[in-house]
Amino acid sequence: MIQIENLVKTYPNGTQALKGVSFDVKKGEFLVVIGLSGSGKSTLLRCMNRLHDPSSGKINFEGEEMTALKGKALRMARSRIGMIFQHFNLVPRKTVMTNVLTGTLARTGVLASIFGWYSEEDKKKAADYIKIVGLSGKENVRADNLSGGQQQRVAIARALMQNPKVLLADEPVASLDPATSHSVMQYLKKVNEELGVTVICNLHFLSLVRQYASRVIALKGGKMIYEGQPLDIDEQWFQTIYGEDAVEVTIN
Amino acid sequence: MSTENTLPAKHTPSLGNMKKVISALAIDTFLWSYTALVIYKIIWEKLIKNVRYPEFTWNQPLTALAVGFGISVVLFFTTASLGRAFQGLYDFDENETKLGKPFAIWGYFVIFLTFIAGLHMSQVSMREFLSDSGLEGARRIFTALFNPNWNIIEDALFAAVETIYMAFIATAFAIPVAFIMGFFAARNLMSSNRLMFSIYTLTRFVLNMSRSIEPLVWAIIFSVWVGIGPFSGMLALMLHSVASLSKLYSEQIESIGDGPIEAMTATGAHPIQVIWYGVVPQIVLPYLSYTIYRWDINVRMATVIGLVGGGGIGTMLMQYQGLAKWNEVGLLVIVIAAIVWFMDWASSKIREAIK
């Protein structure tokens, strides 16, 4: 459903974050991207929904060339790609409900969204998704007063409001404790399996990768150096990906 | 090779280096011409020869310029060139202190010379400060000020109310303009393409221009335009508030987190929606705080602006001062101090409460 071809991203300061990455994403899979900090994982994800503009290369999303889109067409394409972030990136000082409703901004008019006029259908849907991520009763709580794990679940609900075909998750559990990490990963798995949303997720912990991923790719220095099944990553691959001296840290 | 020998500097004749050499020479020429002129006009003519009405011809600064240029060219090849030091054209050891170098000593000398010239130009005189007639005058005015005339308290309070309202309206009118201008003047929102960036540059330019003209000057202009009174003072304060609030607002926008902006963009939101949900919630409280602070400043400024005909308690102060009615002035000073103190206290309390 997504074909990425020879993707290159050079930042204005000269850093080459991606040096020609190509891979395919199949519908319904749970693809995990691993690699050291600075290996280009975040850049890869941000290029896919054009938060960053790739320098060259192609991104084909359901037959549409992402790199060629502009204006409204780009916004519509983005709305079919949900995204969650390491630091959750919720709108501060707003309630959980408002935050989840911002997932509908692409289909809500500019004026309507400024005055907070969302359709009844969307409001009902938002309430449903809040329930699905286990936060019912918290609709009118300020989102920045929630715990980290709860905030990430609000972010998942917000992304689901977009009716996404794909969910990009940029290190979704990197600032959470192990127990909460598992709970957030469980919700992502649920989204993937029950709602059929393809998930592309950056992760640091191999134990999580083995447990949740259906396929893994590894980046190193902006290049793809591994592609395969999570259980096939042995000691040797681990050292190739993370460096000679790396020791695996597990979380349970 | 060690860098023990600190002279001479890099002599790579590149274009960038050429530019630095020219600016270094310009700096040196300016400083040496200045030194020559100050030594001749102030130290020599005024302080040593004590000429009462020294002659001035344009030849003097021109000669100083020529002398300065000559000295600069000669000293450029030694370690006494401040211009070269400023432009980083010396190859000094990083770990070495530069405070004892010849150019630094010359720098101290220029500052010392300016200090001497400054004392002379501002006519600092202990004799005047402690003279008998002077002290007598001071005693008279302080006695009057400490015996305020409470009979005019009603008028003073009315004028004070006028001042506070005028400052309030000036702030209120400035908010919507500054709110919009703040976005245009925020670098992080405006650097996405060339058109946006030129709007940013233009906005910054206009804001800096209007901010660099003191509200006192605006008050004079508006008092001719709309007549003496609170309206002209209000306009002057409003203009100045727009400029400074826009700057404060835009700096606030520049310091917000990217996260919510990124998240809103990723949902496919329109740029206006991105600003409304990604930017605005992060800035409302700081904006409110700045605005209240601005009102506080405007009340204080309004009293000063009254002195040039901007209405309110300042105008009243100017009138009594013109008539040398020091007891009345004493009362007005007390009322002004009370307002300023109250506004200061109230605004800091409010700002604390909304944090």
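In chain A, 70% of the contacts with a separation of 6 or more join residues 24 or more positions apart. Two residues are in contact if their C-beta atoms, placed from the backbone, lie within 7 Å. This is a predicted model: local features need pLDDT of at least 70, side-chain atom pairs count only at pLDDT 80 or more, and totals for chains, interfaces and linings use all residues. Residues are numbered from 1 along each chain as its sequence is written, and chains are lettered from A and ligands numbered from 1 in the order in which they are written.

**Exercise 1. State how H5(A) and H6(A) pack.**

Step 1. Two packed helices are described by the angle between their axes and the distance between the axes. Helices (H or I, at least four residues) and strands (E, at least two) are DSSP runs, numbered from the N terminus. Axes are lines fitted to C-alpha atoms, for helices over the stretch in contact, and angles run from 0 to 180 degrees between N-to-C directions.

Step 2. Helix H5 (residues 120-132) and helix H6 (residues 148-161) of chain A have axes 9 Å apart, at an angle of about 140°.

Step 3. Angles under 35 degrees count as roughly parallel, over 145 as roughly antiparallel, 65 to 115 as roughly perpendicular and the rest as oblique. H5(A) and H6(A) are therefore oblique to each other.

Step 4. The crossing of H5(A) and H6(A) is right-handed. A crossing is right-handed if the near helix is turned clockwise from the far one by less than a right angle, and left-handed if anticlockwise.

Step 5. From H5(A), Lys125(A), Ala126(A), Tyr129(A) and Ile130(A) meet Ala157(A), Leu160(A) and Met161(A) of H6(A). By class, this contact of H5(A) with H6(A) has six nonpolar, no polar and one charged. Ala, Val, Leu, Ile, Met, Phe, Trp, Tyr, Cys and Pro count as nonpolar, Asp, Glu, Lys and Arg as charged, and the others, Gly among them, as polar.

**Exercise 2. Describe the contact of H7(B) with H15(B).**

Step 1. Helix H7 (residues 153-184) and helix H15 (residues 326-353) of chain B cross at roughly 40°, and their axes come within 10 Å. This crossing of H7(B) and H15(B) is right-handed.

Step 2. The H7(B) residues include Ile153(B) and Ile164(B), and the H15(B) residues include Leu331(B) and Ile339(B). The contact has nine nonpolar, no polar and no charged residues.

**Exercise 3. Is His204(A) buried, exposed or partly exposed?**

Step 1. His204(A) sits in the loop between strand S8 (198-202) and helix H8 (206-212) of chain A.

Step 2. His204(A) has 17 C-beta neighbours inside 10 Å, so His204(A) counts as partly exposed.

Step 3. Leaving aside neighbours within four places in sequence, His204(A) is in contact with Glu171(A) and Ala174(A).

Key. Buried ≥ 20, exposed ≤ 12 C-beta atoms within 10 Å, placed from the backbone.
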